[in-house]
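Have the viewer open while you read.

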Amino acid sequence: EFMDMIKQNGFEPGISDVTVSEVTADGEIASKLQVMAGSPLLKVTRVCTADGKPAIYCEDYLEKNAVKKEYSMHDLQLPIFHFLKTCCYTESYMDLTQLRAVVADEKVAIALQIPAGTPLLKMEEVDYDIAGNIAFYSEQYFVNEYFEQTVLRKKL
């Protein structure tokens, strides 16, 4: 989870700028969530901070009909996994994540308070529940100065 990741890298974690909106799935998001284009979605954006400075910008998308109970902004200020469990009555069991280097576009640059064109690590993540159903899709942008990424590969 982001808060643990920030803390493990020696910074004080925090969350700022949480917003929630209802959107419709464009072709790309619909494909990731395996829903019809135009399907109603809940989009949650948040900025995670390291020592008070923006470190991660995250956009989470889930089907609107997955939300089973009323929620508050407090529910959304906690990790998305808490929201899934308490408001959607499901849990993330596994995820498939694609990592790649990108440069910050204007929207991400504003959110992270960095110049447009700054190199970032982007993770595109599809999370699944224990039954193999898609729980949510997430796009995450990491400011390089706060994180070190390590990959362990093992041949079996």
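## Ground rules

This is a predicted model, where local features need pLDDT of at least 70 and side-chain atom pairs count only at pLDDT 80 or more, while totals for chains, interfaces and linings use all residues. Residues are numbered from 1 along each chain as its sequence is written, and side-chain values use heavy atoms, with hydrogens and water left out.

## Phe11 and Tyr146

The structure has seven aromatic pairs (rings of Phe, Tyr and Trp, taking its six-membered ring, with centres within 6.5 Å; planes under 30 degrees apart are stacked, over 60 edge-to-face, the rest tilted). One of them is Phe11 with Tyr146, edge-to-face at 5.2 Å centre to centre and 80° between the planes. This pair links distant parts of the chain, 135 residues apart: Phe11 sits in the loop between α1 (2-8) and β1 (13-24), Tyr146 in the segment after β6 (134-143). Helices (H or I, at least four residues) and strands (E, at least two) are DSSP runs, numbered from the N terminus.

Phe11 is partly exposed at 21% relative accessible area, whereas Tyr146 is buried at 8% (buried is under 20%, exposed over 50%, partly exposed in between, with a 1.4 Å probe and protein chains only).

## Tyr71 and Phe83

Tyr71 and Phe83 have ring centres 5.4 Å apart and planes at 80°, so they're edge-to-face too. Tyr71 is in the loop between β3 (53-63) and α3 (73-77) and Phe83 in helix α4 (residues 80-87), so the pair ties together parts 12 residues apart in sequence.

Tyr71 is partly exposed at 30% relative accessibility; Phe83 is buried at 0%.

## A cluster

Phe2, Phe142 and Phe147 make up one aromatic cluster.
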